[in-house]
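Have the model open while you read.

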Amino acid sequence: MTQKQYLEQVKLLKEWADAYYIYDNPIASDEEYDKLYRQIEAYEKENPLHVSVISPTQKVGGVVIESFFKAKHGARMWSMEDIFDASGLQTWVERIYKNVENPHFFCEPKFDGASLNIIYEGGKLLQAITRGDGVIGEDVTQNVKTIRSVPLEITYDKRIEIRGEVVIKLADFEAINEQRLADNEQLFANRRIIKRRYMVEPSTFTSDLSIRIPDLYVQGL
């Protein structure tokens, strides 16, 4: 890939990323996106001085939509690193052993949802923030309070950030699309779009969402 081809590919990938993460209207399949992403990432590893500042590989997640109130995370909110083959997994494991003494591993299914950071202080739900760019996210506190699996109060009194994925059951997703089809509305391409839309407009969908929690951040620890 030449530098010119790389810049053209970056522009295309950014268009796909914006359509998916910002406008909730995918124009490329997940397979197409992942393939192009890996090609761009490979070029950037071989040519680190030529990396474009607008390359989607340089982002942690999405961006903050301007119409929302912004909120800053207490600690950077990272996204998971994708691995597509055994070679990539081996490289990742070797890197872990170089940087972590006596590491322990566990494996679990990855929930592909909308990333969310829920903050409690004094035992009460203080704020809920989307991942955004990893540093600044969107304040969706009032909407998240409508998710039944998110408690408004907990028994822990100190400030704590609970990070997870907002998910929706496949049956609920299919039911929503069936209703949209009956109403002659555009169908949702995937469940992640519904989860982001729900956090923006909770009254739009009657299906209940839930949250899966893989990470905690306790201030001061």
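Start at Q127: leaving aside neighbours within four places in sequence, it's in contact (heavy atoms within 4.5 Å) with A71, N117, I118, I119, D139 and T141. Keep in mind that this is a predicted model, where local features need pLDDT of at least 70, side-chain atom pairs count only at pLDDT 80 or more, and totals for chains, interfaces and linings use all residues. Residues are numbered from 1 along each chain as its sequence is written, and side-chain values use heavy atoms, with hydrogens and water left out.

**Around Q127**
- Q127 sits in strand β3, residues 124–130; strands are DSSP runs of E, at least two residues, and helices are runs of H or I, at least four, both numbered from the N terminus.
- The side chain of Q127 has a 2.9 Å polar contact with that of D139. That term means a pair of N or O atoms within 3.5 Å; within protein, one must be able to donate a hydrogen and the other to accept it, and residues adjacent in sequence count only if both atoms are side-chain atoms.

**Around P56**
- You'll find P56 in the loop between α2 (30–46) and β1 (70–72).
- P56 is buried at 9% relative accessible area, where buried means under 20%, exposed over 50% and partly exposed in between (1.4 Å probe, protein chains only).
- Not counting residues up to four places away in sequence, P56 touches V10, L13, K14, A17, Y33 and Y37.
- Take A17 from that set: P56 and A17 are 39 residues apart in sequence, yet their C-alphas are 7.2 Å apart in space.

**Salt bridges**
- Side chains of opposite charge can pair when their charged atoms come close.
- The count is four salt bridges, taking a side-chain nitrogen of Lys or Arg within 4 Å of a carboxyl oxygen of Asp or Glu as the rule.
- One of them joins E121 and R159 at 3.1 Å, N to O. This pair links distant parts of the chain, 38 residues apart: E121 is in strand β2 (residues 114–121), and R159 is in the loop between α4 (141–144) and β5 (160–167).
- E121 is partly exposed at 41% relative accessibility, and R159 is partly exposed at 23%.
- R163 pairs with E161, with the closest N and O atoms 2.8 Å apart. R163 is buried at 7%, and E161 is buried at 2%.
- E185 bridges to R180, with the closest N and O atoms 3.4 Å apart. Here E185 is partly exposed at 39%, whereas R180 is buried at 15%.
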